[in-house]
Amino acid sequence: MASISDREKELQRLKLEEIREIKENCEREMEEVLEMSRANSQAIREALEAEANSEREALTTSYEAQLAELREAKEAAETSVTELTAELERLKNLMNSSKSSLVDAERERTELMNNLKE
């Protein structure tokens with residue numbers, strides 16, 4: 001009976017050793033899975049950050065282009081206002097000159113009429 005007991009003890013010991021090995025293998029595999037999960041999470045974070053940076057750069061470039069267009073439009077409008085102001089001033093001067101000429105012509109006509117009456 002002692003030999004059976006020793007045999008059973010040996011079988012139990014072997015089974016326990018096998019269970020320990022399985023447990024250690026499972027723990028190693030779980031650690032590897034955890035490491036891969038961490039690496040995947042980091043890769044996903046980096047990809048999302050790169051995508052966000054790319055979108056941010058695209059928006060910045062678009063806004064800068066729009067700003068440049070608005071500045072050009074503003075400069076064109078300012079140039080137009082300057083040109084229109086100069087044209088308005090020229091027309092005012094022309095009207096004043098014409099008015100002055102009309103006054104002179106009316107004075108001459110009046111003088112001629114007065115001379116004719118005399």
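User: What places Glu-35 and Arg-38 about one turn of the helix apart?
Analyst: Both residues lie in helix α1 (residues 2–117), three residues apart. A helix here is a DSSP run of H or I with at least four residues, numbered from the N terminus. This is a predicted model, in which local features need pLDDT of at least 70, side-chain atom pairs count only at pLDDT 80 or more, and totals for chains, interfaces and linings use all residues. Residues are numbered from 1 along each chain as its sequence is written, and side-chain values use heavy atoms, with hydrogens and water left out.

User: Why is the contact between Glu-35 and Arg-38 called a salt bridge?
Analyst: The term requires a side-chain nitrogen of Lys or Arg within 4 Å of a carboxyl oxygen of Asp or Glu. The N to O distance for Glu-35 and Arg-38 is 3.0 Å, so the pair meets the definition.

User: Why is Glu-35 called partly exposed?
Analyst: Buried means under 20% relative accessible area and exposed over 50%, with partly exposed in between (1.4 Å probe, protein chains only). Glu-35 has 43% relative accessibility, and therefore counts as partly exposed. Arg-38, at 45%, is also partly exposed.

Technical notes. Helix = DSSP H or I, 4+ residues; strand = E, 2+ residues; numbered from the N terminus.
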